[in-house]
Every structure is written in structure tokens, then in C-alpha cells.
Amino acid sequence: MPPSIAAGAASPSLLGREQELALLTGLLRDLERGTGTAVLIEGEPGIGKSTLVGALITEATAPQALHVMPQVFRGTGDELSQQIPLDPFISALRVRTPGASARRNAIAALLRGEGGATDRGADVTAALSEQLLALVTDECAQQPVILVIDDLQWADPASVTLWGRLARLAPQVALLLVGIMRPVLQRDDLQKLRRAQNDATRVELAPLADGAVADLVEALAGGRPDPPLLRLTSSAAGNPLYVTEIVAALERSGGLTVHAGTAQLADGVAASSLPRSLSAAITDRLGFVTGPVRDMLRAAALLGVEFAVPDLATVLGKSITDLFTTVDEARTVGVLTESGSDLAFRHPLIRAALYDEMPVAMRVAWHRDAGRALARSGAPADRVARQLLRAVGGPSAGALDAGEPEHAGPAGGPAALEARPAGADAARASVAALDSLAVLPLEDWMLDWLTGAAHLLVGQAPRVAADLLAQAMANTPTAMARYSWLASRLADALYRLGDRSAAEQVASRALEQGADTDPNAVVDLHLTIAQCRMLAGQEDESLAALERALTATGLSARQRARILVITARTHYTLGGVDKADRVAADALTAATEAADPWAMGWALLAIAGVATVRGQLVAALPLYDRALVVTQADPALTDLRLLLSINKAATLANLDRYDEGIAAAEQARRLADQVGTTLRSSQAHCTLGELLFETGRWAAALAEIVVVPENLKEPADASCEFGIAAVIAFHHGDAATARRHLLAAGPHAKRIGQRLIPPLALARSLDFEHRDSPAEALATLTSWLDGSSEEVGQAEALIADAVRLAVKVDDLTTARDLAKQASELAENSGIPHRQANALYCSGLVEHDPRKLLSAAQRYFDASRPLLMAKALEAAAEEFVAIDDKAAAREAMGRAVEAYAGLGAQADVNRVQAAFREYGIRRGPHSKHRKATSGWDSLTDAELKIAALVAEGLSNPDIAQRLVTSPRTVGTHVSHILKKLGVASRAEIAREAALRAGK
């Protein structure tokens, strides 16, 4: 166990914090036991938040303090980077360069714009959030983790959201998550974060009590303060940093003496001569550093509270060796401190004082020069961008909050920054900037850099990109090829920010102004317009825009292929699969001519998708394989490969090749979790969940579909998963939970409009059935079964239940029509579930129990236990109708076993109740009910299985013979062993032989 951190209270700055130190000691002990937690530490500037956490880290990393030393990661929110999504976590977790794990390499690739990160519509921020969350989980599995985010009040919204998600994760892993922040009232996301932390995990640091202030002054001055000195330090209002700076100022000026253990003011010291505020005290400290050190510190202030030493050397145009003397002096006088491999200002107020003392014009110019130096050195795009934002942001650019406890920040400071619009509002502001922006001249190097870096910047920080690109466009004549490129990047940034109308406005304006000197940009502009209109429900206008793009002069085969790909996808969305097929074929021809793997892969995906929708599954599978081969060599096509793999897994399942399908889905899920976007991760988990559901592994399916948070799922995936959960709940007998799932699915289903999601359709139909409205249940399914060949691939999942309901309500015309459709699908098809559907539907229409038993066998072959159970139940009902009670009892018993194996208690109860009305009960006989052990206690099913065990059959062989699942057989074998009091199958065989000989 670690000793109490209170042992570190010998540090003067920790005096008076014994209670808080004890709390952190407890959290550290919990971490050692493998239990994590999240804690928010709040208080005004200088109150000791960072010092308290520093004591925690010092204790945790001391030799032999813990049985397993935790890893420590520390990042800081910063005014300069609050527009860069997830910057505090990216810095804390040190992921900018490739590392030893695939996860770290995937994150570094995303930050470099690889792996599909720059594809239009790719949500890089969401992907990074998922990867960072997974990385923290990975690190916690290796050893305990302490993750600290300081100055959380400056963090971007994505970082605040990620902190909240990690806070919910912390109790499940060995993670001590610490957030440090000033009280912030105007940010809703921070207020929500505070409310989520209970009193035990939120520490509010209050000013020190008078006694603690006296102890602090005594520790700093070397003597117990006399009353005049205490009155002077009382002006600090219990702020330990302010107290420290007052005592330091007195010592520097010779205004403090110690005599006989008492610290007192020197003669002639006037209180008016001392700093009147904490900021003034900080400035007083800086007045004692030498000129070269002050120049170095001003340059460091441009980079943020924490900064990389190589960046500082780059900005100053010096070598790292040249900086040694000045950096060492700054550390000695208490201005800079180490922060991992970087340096940091000892307190943000020090940096703010240095920054604010610079004249605005000089500050803006220095940001410009710093940006140029960093750009030339190849620094990451976000580090260059935050310098440019301050260089081109107008007269108020760069104003920082001095952080005074007693007053708000200056105009143009943090209040102005925090009040800036976000998301779509920011996007509209960027568009308005093209007309009303106070345009500042941009130097050629800025335009050159932005032209080259825009693609990456749009993916990583679209809001920053939108701000800079708007300025760049205002500085670029429309006749230049660069203008159309900048416009295409700005339109993409706005598209990612969620303001489709603004994106369309920028793209349309650029095309109208004749910006046609860059054909690639023109294609991108047309594609943005088409996608914006498609998402707005204006698919016809989208197609019109794409047709105009195809008439543009000078199109290369590559450009034509890419426009055709989007056109095919638009037709597919509109339901015109025949047209989509033709256009996709044209796209594939053009893409092959251009040797463009991106367009080839997407064209093949579209063609395979059409084949799947038409029910031509065997034809679709080699198309997916071909596309995977085409895209294999290009790492930038990882996202497309993931989509292809996911669709291939679903196709294998539709061919009843579930073992291969589940293996492919699991592989796609692992890759998506490592290197994919949130979209692909959601799709992979959803696909795997659906396959597990279809094969009867319902608990595993439910576990799979809750992995990705609902707010990060695509609406189709969310609709599917809520549908699966609702179907399972109805079969479990929990209608209330099922209807909650249906209610939750509503908003997602509304977003995808007239698109069939089979599990959701089945769940809605079940809802009507449970309300005793079979006609409405049938209508819910038949609305998708219009006989159209274009949709049959998706709709065939509904046919079996639709025929069952049609027979139930005596709608024989519909039943026969659908049975014919099922028969046509099964014709010349070797797919077990299609053959099963045809047998089941015709068996229901013809009231043929033998066909229904054959259907059950084929459903078993297809690994679809729920439909197998339904076929057995229907067969039992038909046997009752022809008064074959023995066959009815047998089929009913097998149906009950199948339902029970799924946990479908509602179906078990329904079947048993229905057959009791016919005087048919599923064994055991009376002698079985009397015996609780031994051979006479075995049920009919157990007797049958015991006999087959005696024949030497394995569980899978027995399951095949009885048309049930191996899992059900295994359960029965376990019961037999227990009842007979034996330990092996051989002993079961011996008991069976003994009984047979009697």
C-alpha cells in the first residue's frame, strides 16, 4: 500500500490541503487494487490544483510506492489550441509518431491523414476519439494509468466529451482520470461534466484558512510571521500562489527579515509598494529575469502553456544547445518546469503575463513568423495552423485571459473565444466571411502552405480549416487554379461541420465564378453539391448536378470514373438499382482505364450491392473479393476495404456460410476498432451482432450491439440493432423492454426514410402480434413485399413470417403469392434457408406437416434456430389437425426445446399452453415426475438422447438426427449425467445397455 500523500505536505504549497491529500491517497490505493475512478479538481487560478495533482503523481511514481508503478499521461487545455479537436489527449498520450502498438500506429496514421482520414465525410474527430478511448483501455490492461487533463476549461468540446466517456469507463479498468479546471459557468458541456461527478469525486479547492496561510508564510519566510506581515499577506485572500509571490517579492526587494524565529517586514516597507494582484506579482517576478531569458520566454508564450523544445528552437532560429543556458535560468527562477519530454510554464498566469505585455501588432507578426518557421520545419499541420489563426485573426487575435481570481478576462480574451459559434454556426460564419471578412493580406508562403496542408487540416480540424480557408479564398483571385482548390477544401470543411447549405453555397459560387482551371477541384466541387443535395432529400437535384459535372470539358478517365461512382450510389439510394448497376459498370470501365483503385473499389462495391439487393448472392461474393484485391496495395483505402469486408461477411451469412461470415465479421470488427472510423466500427459491430442473432447466440448478439455508443452510430445501424434487441425482448417475454427499444429506434428510422431494415420490420410486426392485431402485423411486413425483384434480397427475411401471419388471418391470396415468391427464390438455389423458406411457406399454405418438418431440417442446416422452432411448432399444429397426437407431441417437444435453447420463454409458454388445449402435454410421464434421480427420472427427450449416446453418436450427430442444436443436446447430456450420478458418456452407454437387457 502506498503511504499517505500527506507525507508530501512538507512542501509549503501543500499546507492546509490535508483533507484533499487524504482523498487522493485513497484513490491511489483503489488504483493499486485495480479499481479506477475519475476526479474533478476545481478552483480559482493559483489555488493549488496542479500542485495537488503533482503531489499525487510524485507519490505514485516514487520507487516502491506501489506494487505496480502506474503510467502517467498528462495533457493541458490551451487557449491557442482550443479549436484543435482532442489536442490535450493527443499531447498527453504521445501519439503523434508511430509507436510499438498497432493502435498507436493507427492513431498516428489518422493524424497524418492516412487510412481514409481525408475522404469526404470521414469523421476524423470521432475516429480519433474512439481510438484514443481504446488506447487508454489498452494501456490500462498493461499497467495502471493516471491520466491528467489540466485546464479542462480550455479544452475543445470533443475533449470534454472524451473525458466524460473515460470517466464512465474508469471504474471498469485501472484508470485514475483527473480533470483540473477553473470554475466555468458559461459552458454547458463542462456543467454537464460537473453534474455527472458526485461529491466524492469532485474536489473544490477553497482559499486557505488564516492558520494555513500563517503556516505557509512561515515555511516560505523561515520564521513565524508577525501580525503586520500576516495583515499584508491577508490581501491574497487565501490564494497560496499569491501568498508565495508576495513573500518572494518581499525577499527580492529586501523587505523581509527574520529575527529570533519571527518573520517581519523590514523598516520602511510600504504595503503600497507590493504587487496589488496575482498578475502583478507574476509580472514582478518576471522583472528579475535577464533580457535573453525574457526574449526566450516570450517566444515560448507564443506556443502555449506546454511546448516542445524543438518547436521553441525552430521559432527562435537556434539550436537546442543554444537554448540550454536561458532555459536553465528560467527553471531556476521558477518560471519554467519540465512536463514529460516537453517544457511548460510553471503557471498559466506566467505565460499570460508574458503574452499580454507584447503589443498586439508585434504579437500578430511574431505568430506569423513562428508559423512560417514551423511550416518550413515540417511541424504537424495543427501546430502551424494555431499560429496562423493568431496571425490572421485581426487586431484582437491572441488576447489571453490573465486569469485574475477577482475579475473576468479582458475583452477579446477567453469570454470572446468561448462565445465563438461552433459547428454549423461556425460554418455559416466562415461563409459570411467571404463577403464581410476584414481581409488581412496573406503572404505567399501562407497560401502555399495552406494549399498543401488543407486536405489534412480539413480532416483533423475542420473548424480551423474553415476559418483559414475563408481568409485564403479572400486573398486569391478567382481566375487562379488555387482558388477552385481552396473552395473545394472549404466546401468539404463546411460539409464535415454539418452545414450542408453553406457547403453547397461555397461550391456553387466557385463554379459560377468560373473557377475551372483545376479539373480535380471542379470534380470535388460538383461532388460536394451532389452529396449535400442528396442528404437534404434532393436526390433528383443531386443527379442533375452530377450530370452537369459529367459534361465538363477536359475530364480525365479518373475524374469521370469518380463522378460516375457517386452517380451510381445516388441511383442506388433512390432505389433505382437497375440504373445504378449500369452506371456503376460504366464507372468500373473508366476506373480500370485510369488505373484508379479508389474508383474501381467503389464501382465494384456498387455492383455487388445491386446483386445482393436482387438476391444474386453467389454473384456478389466474387465482386467483393475482386474489390478487396484491387484496394489491397493502397493504405489510404483502408476504410473502403473495411466496408467491403463487412459486406462480404453479410453476404457469406446470407449464403448460410455462417462460420465464414462470423469469422470475417470478427476480423473486420478488430480492424475497424484498430484503424477504422466510428462509422466502420459501428457497421462491423452491427453486422456481427446480426449474424450472432440469426444463429441463435442472442446473449452474444446483445453484448455486441451495445459496444458503440448510440450517438456515434449511423441511423441504419442503430435501427437494425434496436430492432434485434426488440425482437429478442419480445421472445423473452419482456414486451415493455421491447417497446422501449422500438421507441428508441424511431428517430433513427425516421432519418433513413423508406429503407428496409428487416430486424426492425420484424420487431414492429411482433409488437402488433403481442397487441393481438395480426392483420396490422401482416401489413407491416407486406408493405415491403411488393414482388419487386430489386428489393427481394433484403425483403426475403420477412417472407416466412408474412406467410405465417397471412394464413393466420385467412388471407390466402397473399399467402399463396408470397409462397410462390419464396419458391422462385429457392428455384435452382442450393442455399439452405431459401429452400427452407419455400418448404415452410408451401407447408403452411398446404397444411402439410411433412413439408414443415423438412423445412425445420433445412433451417437447422442453415443455422437458423428461431425459424426452425417456428417450423416445428407449425408442424405440430398440422399434426393436431389430422389427429396424429404422437407426431404432434414429438414436434411440439422439439419446438419447445428449440425455443428454450434460445431463452425464448414467451414462445415456450405459448406453445405449451396451446397444446394443453388439445390435451397434448410434453413429457415427462408420471413416473418421471415422481423420480428425481436414476433412470426413471429421465424425460422422454433425455431417454432418446441417452439411447443415441449409447450408439456412439457425438452431440453434433445427435443434434443432426433430432433436428435440434448441439447446445441443446449438450444440456440434456449434462442433465443425464447428473441424474444418473455418472461421470462419462461411456457410463451412460452402460446404463442404457443394462436397461435394454431387462
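Trainee: How many of the 998 residues of the chain count as buried?

Mentor: In this predicted model, 56% of them do. The chain exposes about 40400 Å², and carbon and sulfur atoms supply 52% of that area.

Trainee: What secondary structure does the chain hold?

Mentor: The chain has 49 helices and 11 strands. Among contacts between residues at least 6 apart in sequence, 68% join residues at least 24 apart.

Trainee: Why is Asp87 called buried?

Mentor: Buried means under 20% relative accessible area. Asp87 has 3%, so Asp87 counts as buried. Asp87 lies in helix 3, residues 87-92.

Trainee: Which residues does Asp87 touch, leaving out those up to four places away in sequence?

Mentor: Asp87 touches Ser81, Arg96, Asp156, Ser159, Asp382 and Arg386.

Trainee: Why does Asn828 count as exposed?

Mentor: The cut-off for exposed is over 50%. The relative accessible area of Asn828 is 81%, and therefore Asn828 is exposed. Asn828 sits in the loop between helix 39 (812-826) and helix 40 (832-846). Its phi is near 60°, a positive value in a residue other than glycine.

Trainee: And Asp883, is that residue buried or exposed?

Mentor: Asp883 has 58% relative accessibility, so by the cut-off of over 50% Asp883 counts as exposed. The residue is found in the loop between helix 42 (865-881) and helix 43 (885-902). Phi of Asp883 is near 65°, again positive in a residue other than glycine.

Trainee: What makes helix 12 and helix 16 roughly perpendicular?

Mentor: The axes of helix 12 (residues 291-303) and helix 16 (residues 360-376) cross at roughly 75°. Angles of 65 to 115 degrees count as roughly perpendicular, and therefore the two helices, helix 12 and helix 16, are described that way. Their axes come within 10 Å.

Trainee: Which residues meet where helix 12 and helix 16 are in contact?

Mentor: Asp295, Arg298, Ala299, Leu302 and Leu303 in helix 12 meet Arg363, Trp366, His367, Ala370 and Leu374 in helix 16.

Trainee: Why are strand 9 and strand 10 said to stand at the edges of their sheet?

Mentor: The sheet is open, with 3 strands in the order 9-11-10 and antiparallel pairing. Strand 9 (306-307) and strand 10 (336-339) each have a single partner strand, so one side of each is left without a neighbour in the sheet.

Trainee: How do you know that strand 9 and strand 11 pair?

Mentor: Pairing needs at least two bridges. Strand 9 and strand 11 (residues 342-345) are joined over 2 bridges, in the antiparallel sense. Phe307 stands opposite Leu343 in strand 11.

Trainee: Which residues have the most contacts inside the largest nonpolar core?

Mentor: They are Val803, Tyr840, Tyr859, Tyr899, Ile945, Ile958 and Ile988, in a core of 115 residues. Apart from that core lies another, of 99 residues, among them Ala353, Ala391, Ala454 and Tyr495.

Trainee: What does Tyr859 touch, not counting residues up to four places away in sequence?

Mentor: Tyr859 touches Ala800, His833, Ala836, Asn837, Tyr840, Arg864, Leu867, Met868 and Ala871.

Notes
Residues are numbered from 1 along each chain as its sequence is written. This is a predicted model: local features need pLDDT of at least 70, side-chain atom pairs count only at pLDDT 80 or more; totals for chains, interfaces and linings use all residues. Side-chain values use heavy atoms; hydrogens and water are left out. A nonpolar core is a set of buried Ala, Val, Leu, Ile, Met, Phe, Trp, Tyr and Cys residues joined through side-chain atoms within 4.5 Å. Buried means under 20% relative accessible area, exposed over 50%, partly exposed in between (1.4 Å probe, protein chains only). Contact means heavy atoms within 4.5 Å. Helices (H or I, at least four residues) and strands (E, at least two) are DSSP runs, numbered from the N terminus. Accessible areas come from the Shrake-Rupley method with a 1.4 Å probe; for residues, only the protein chains shown count as cover. Axes are lines fitted to C-alpha atoms, for helices over the stretch in contact, and angles run from 0 to 180 degrees between N-to-C directions. Angles under 35 degrees count as roughly parallel, over 145 as roughly antiparallel, 65 to 115 as roughly perpendicular and the rest as oblique.
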